[in-house]
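Welcome, and thanks for taking a look at this structure.

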Amino acid sequence: MKISMQLRYDNDIVGAASQVAELERAGLDLIWVPEAYGYDAPSFMGYLAARTERIGIGSGILSVFSRTPALLAMTAAGVDALSGGRCHLGLGSSGPQVVEGFHGVPYAAPVTRTRETIEVMRAFLRRDKAVDYSGRCVRLPLSADQGSGLGIAMKMLTPPVRPSVPVWVAALGPKNVRMVAETADGWLPMFFVPEWSGRTWGQALRDGAVARDPRLGPLQISAGGLLAIGPDAARARELARSQLALFIGSMGAPSHNYYYNLVSRYGYAREAETIQRLFLSGDNPRSA
């Protein structure tokens, strides 16, 4: 088992980098750098590569709708080169509010797009031949009916430090989790409760494992929750309550919220509905 954590960098990102260096000395194995719709993660990952020596540096997560598979491969190769082979590429599909509202890209076929992105990205990193790919969401090069017809199959200009960078995928829905268990190096589940994971994701994980390439090795899982050390348990619970309310209440449209759906599958549908209703009405811990 290795120890990882997600970095909070919404305010003082330079100070956060100093904290990562201290955490590395304390024994932390992997730091996840988040990206939503504020600072981009790769810039900060490159900065962390210069400030640290041993710790793994992961994106947690980059949306497959905000970057092409080629750019994701270039980003992984760049951070891997700067860090001496310490990059972990965390991917996810995000949701329609951010993808269509912030990036202006249609939110269509997220599971298929993630699968194809992984396949194309790995092909670029192998750099054994020019990449020619014809999928439902990703096509390289573009045909004449989609573009100018002048595109050619290409491969990355610079040889990567490693021919394969670990690919982790954030997934909660059964179809997405099955795809992750089949194709990804690692899985990033949110609000993971071990004693409920079997009935929530067990079948999807088993189905994906059946089709998994043995060369990938066992599926890695990076999961956890808030950890607070100190005498004030009430304050720690309040921090957890605030995060849960935010994600269940508003991280996604009311009809398209992965966290709301997950908590409902855990058996708390009534509580999830109450949290969402109160949060959207303005009655939430962050507004108090």
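Helix α6 holds both E182 and R178, which sit four residues apart, about one turn of the helix. These two residues form a salt bridge whose closest N and O atoms are 3.1 Å apart. Please keep in mind that this is a predicted model.

**The pair in helix α6**

- E182 has a relative accessibility of 17%, so this residue counts as buried, the limit being under 20%.

**A pair in helix α8**

- E238 and R241 form another salt bridge, and here the closest N and O atoms are 2.7 Å apart.
- Both residues belong to helix α8, which covers residues 233-250, and because they are three residues apart, about one helical turn separates them.
- E238 is partly exposed at 37% relative accessible area, and R241 is partly exposed too, at 46%.

- D185 and R122 make a salt bridge with 3.0 Å between the closest N and O atoms.
- Why does this pair tie together parts that are 63 residues apart in sequence? D185 is in the loop between α6 (174-183) and β9 (186-188), while R122 is in helix α5 (residues 110-126), so the bridge connects those two places.
- Both D185 and R122 are buried.
- In the whole structure, a search finds nine salt bridges, and the pairs E182 with R178, E238 with R241 and D185 with R122 are among them.

**How α2 and α3 pack**

- Two packed helices are described by the angle between their axes and by the distance between those axes.
- For helix α2 (residues 41-51) and α3, the axes come within 8 Å and cross at roughly 15 degrees.
- That angle makes α2 roughly parallel to α3, because angles under 35 degrees count as such.
- The crossing of α2 and α3 is right-handed.
- On the α2 side, the contact is made by P42, M45, G46 and A49, and on the α3 side by T75, V79, L82 and S83.

- T68 is placed in the loop between β4 (62-63) and α3 (69-83).
- Is T68 buried, exposed or partly exposed? T68 is partly exposed, with 45% relative accessible area.
- A polar atom of the T68 side chain lies 3.1 Å from the backbone nitrogen of L71.
- T68 and A253 are 185 residues apart along the chain, and 25 Å separates their C-alpha atoms.

**N257, in the loop between α8 and α9**

- N257 is found in the loop that runs between α8 and α9 (258-280).
- With a relative accessibility of 0%, N257 counts as buried.
- Which residues does N257 touch, leaving aside its neighbours within four places in sequence? N257 is in contact with F247, I248, G249, S250, M251, G252 and Q276.
- For one of these, M251, the side chain of N257 reaches the backbone oxygen at 3.3 Å.
- For another, F247, the C-alpha atom is 8.3 Å from that of N257, and the two residues are ten residues apart along the chain.

Conventions. Residues are numbered from 1 along each chain as its sequence is written. This is a predicted model: local features need pLDDT of at least 70, side-chain atom pairs count only at pLDDT 80 or more; totals for chains, interfaces and linings use all residues. Side-chain values use heavy atoms; hydrogens and water are left out. A salt bridge is a side-chain nitrogen of Lys or Arg within 4 Å of a carboxyl oxygen of Asp or Glu. Buried means under 20% relative accessible area, exposed over 50%, partly exposed in between (1.4 Å probe, protein chains only). A polar contact is a pair of N or O atoms within 3.5 Å; within protein, one must be able to donate a hydrogen and the other to accept it, and residues adjacent in sequence count only if both atoms are side-chain atoms. Axes are lines fitted to C-alpha atoms, for helices over the stretch in contact, and angles run from 0 to 180 degrees between N-to-C directions. Angles under 35 degrees count as roughly parallel, over 145 as roughly antiparallel, 65 to 115 as roughly perpendicular and the rest as oblique. A crossing is left-handed if the near helix is turned anticlockwise from the far one by less than a right angle, and right-handed if clockwise. Contact means heavy atoms within 4.5 Å.
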